[in-house]
Amino acid sequence: MRRVYLDHLAATPVLPEVLAAMQPCFLEAFGNPSSLHQHGLRARDALARARAQIAALINAESPEEIFFTSGGTEAANLAIKGVAYANQRRGHHLVVSAIEHPSVLGSVEFLEKQAFTATRVGVDSQGWVDPEAVRAALTDQTILIAVHHVNHDLGAIEPVAAVGRIAAQRGIPLFVDATASGGWLPIDVQAMGASLLSLSPHRFYGPKGVGVLYRHRRARLVSILHGGVQEGGRRAGTENVPAIVGAGVAAEIARRELPERIAHTAKLQARLWEGVQHRISYVKLNGPPPGAQRISTTLNLSTEFIEGEGQLLLCDLHGIAVASGSSCVSKSLKISHVLAAIGLDHALAQGNLILSLGKDNTSEEIDYFVTTFAQVVEKLRGMSPMWADFQRGVIDSVIQPSGRGTSFAAHASALAGKPAAARPS
Amino acid sequence: MRFDTGLMSDSYTLYNQTVMDHFLNPRNLGEVPDADGVGEVGAAACGDIMKISLKVKDGRIEDARFKTFGCGSAIASSSMATELIKGRTVAEAMSFSNQEVIQALGGLPPVKIHCSVLAEEAIKAALEDYRKRHPEAAGQPER
């Protein structure tokens with residue numbers, strides 16, 4: 001069957017060069033970097049090279065500022081908890097955007113159960129954080145600001161440099177989660193004013209099982225994982241050498257290929273959105289339109305009167321891999337907190353689909369997606385009582401209101417008066 | 001020696017084959033013309049909506065149809081539920097349970113059990129509507 005992969009935010013295949021660089025680390029170069037013999041020294045050298053490759057990707061002053069973790073989630077946990085614990089005598093207040101990744105928000109919630117407090121700064125309907133709102137949230141107790149570079153769901157590029165200037169004025173470290181942008185957008189930690197920044201190599205053709213935390217040498221950070229003295233004492237545990245080596249090579253290639261990756265995905269992104277608008281009615285793009293304020297790799301769509309999991313399943317049966325922020329897809333039965341934070345109508349959040357492009361997608365694949373997706377929408381609308389009610393003028397469209405009928409949300413909440421909450425069975 | 005990790009299989013499905021079949025080829029999709037009872041319910045938990053319409057003749061469900069706004073398992077649950085209640089008397093259908101749907105579908109993931117509950121509620125709402133519209137039928141012995 002034909003396969004079209006449009007979920008690069010979830011995972012990317014490793015590059016052949018990455019795999020080739022990793023392979024010796026499993027076989028002859030298997031040593032532990034903490035060992036003092038030849039095997040250890042060789043592994044240590046491989047780590048140093050990877051650190052330099054990562055530092056170059058984000059313009060860090062020194063490879064010593066790069067720490068390897070088990071993934072983007074651990075990097076975020078280390079940044080948030082490590083900075084908070086290191087600065088708890090100075091203060092106990094954190095300021096974060098409301099649409100950060102769960103690894104950031106979950107770490108903040110964990111700290112709130114201890115002696116810390118936090119302010120979540122809301123975003124506008126496009127998903128943008130207002131730097132002035134961040135400034136307004138700061139207190140003399142604030143010890144960390146966290147605003148991500150690009151939102152993983154919406155693709156909105158956040159004004160991190162402006163937040164960085166505010167952070168610098170106030171002498172507060174800024175943590176930038178760059179897991180959705182690393183390898184796809186130029187990143188300069190110095191120009192951004194980031195004290196800490198995280199990357200997820202498996203999203204830019206590196207392996208899984210490795211994450212990166214950049215930390216400016218003056219930002220105080222304590223370890224949250226205790227044991228041996230690896231990673232400058234800030235992350236105990238034997239380094240995942242093969243994955244780290246792979247991450248380094250992926251970073252070096254990403255840096256080299258960045259302009260063409262951006263140009264290629266931007267072209268496909270425009271083609272995809274134009275195609276969808278042309279072929280499908282009552283569909284909305286969430287987040288900024290394709291252009292300078294949106295990352296070139298993602299599109300977040302809401303298709304009205306149908307639900308997202310069904311869209312995902314039918315796409316998959318046609319060989320197309322996509323993601324959704326619908327409540328039906330989530331294990332918690334809640335819509336994505338990002339879609340809730342931009343104030344998206346619940347029915348539109350239910351009809352959500354997230355597409356993320358890669359360097360190997362082609363125009364022809366995009367056209368196949370658009371054609372297939374039009375059929376998927378038609379099939380699901382044929383099953384939807386809401387589509388039928390819309391045709392009759394009982395329910396109105398949120399995207400293009402006709403003025404006839406009540407809103408989907410009002411209709412749904414009236415129905416939910418007869419609750420069908422999950423009952424034990 | 002090679003170990004088959006199963007990673008390259010092409011036949012993974014999120015749900016079992018019966019659920020997938022009912023999602024892809026739903027039975028009884030649509031609305032019964034001149035329905036005797038219509039039930040529409042919404043799930044507070046996730047936002048799904050199910051609408052079931054019935055044709056009743058001589059106290060027996062002659063036809064049942066559904067339309068569903070929801071995930072694959074919600075669509076499959078309503079498809080299976082309508083299939084199960086066709087031919088039953090109104091009295092029999094009143095004791096319809098979501099467990100029958102789960103069983104007939106060969107099981108649902110735990111997080112999707114509420115879809116079958118929604119199907120049960122849609123059927124009961126449709127039966128309630130039928131009894132309201134046909135008060136004379138409510139007191140009669142049915143067979």
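Q: How many helices and strands does chain A have?
A: Chain A has 14 helices and 14 strands. Helices here are DSSP runs of H or I with at least four residues, strands are runs of E with at least two, and both are numbered from the N terminus. Bear in mind that this is a predicted model, where local features need pLDDT of at least 70 and side-chain atom pairs count only at pLDDT 80 or more, while totals for chains, interfaces and linings use all residues. Residues are numbered from 1 along each chain as its sequence is written, and chains are lettered from A and ligands numbered from 1 in the order in which they are written.

Q: Why is helix 9 of chain A called largely enclosed?
A: A residue is buried if 20 or more other C-beta atoms lie within 10 Å of its own, exposed if 12 or fewer, and partly exposed in between, with C-beta atoms placed from the backbone. Eight of the ten residues of helix 9 of chain A are buried, so the rest of the structure largely encloses that helix. Among them are A:Leu312, A:Leu313 and A:Leu314.

Q: Which elements of chain A give two or more residues to the side that touches chain B?
A: Start with contact: two residues qualify if their C-beta atoms, placed from the backbone, lie within 7 Å. By that test, 28 residues of chain A are in contact with 32 residues of chain B. Helix 9 (308–317), helix 11 (346–350), helix 13 (385–392) and helix 14 (408–415) of chain A each give two or more residues to that side.

Q: Why do strand 9 and strand 12 of chain A count as edges?
A: Strands pair if DSSP finds at least two bridges between them. The open sheet has the order 9-10-12 in chain A, with antiparallel pairing. Strand 9 (283–286) and strand 12 (352–356) each have a single partner strand, so one side of each lacks a neighbour in the sheet.

Q: How do you know that strand 10 and strand 12 of chain A pair?
A: They share five bridges, in the antiparallel sense. One example is A:Leu299, whose bridge partner is A:Leu355.
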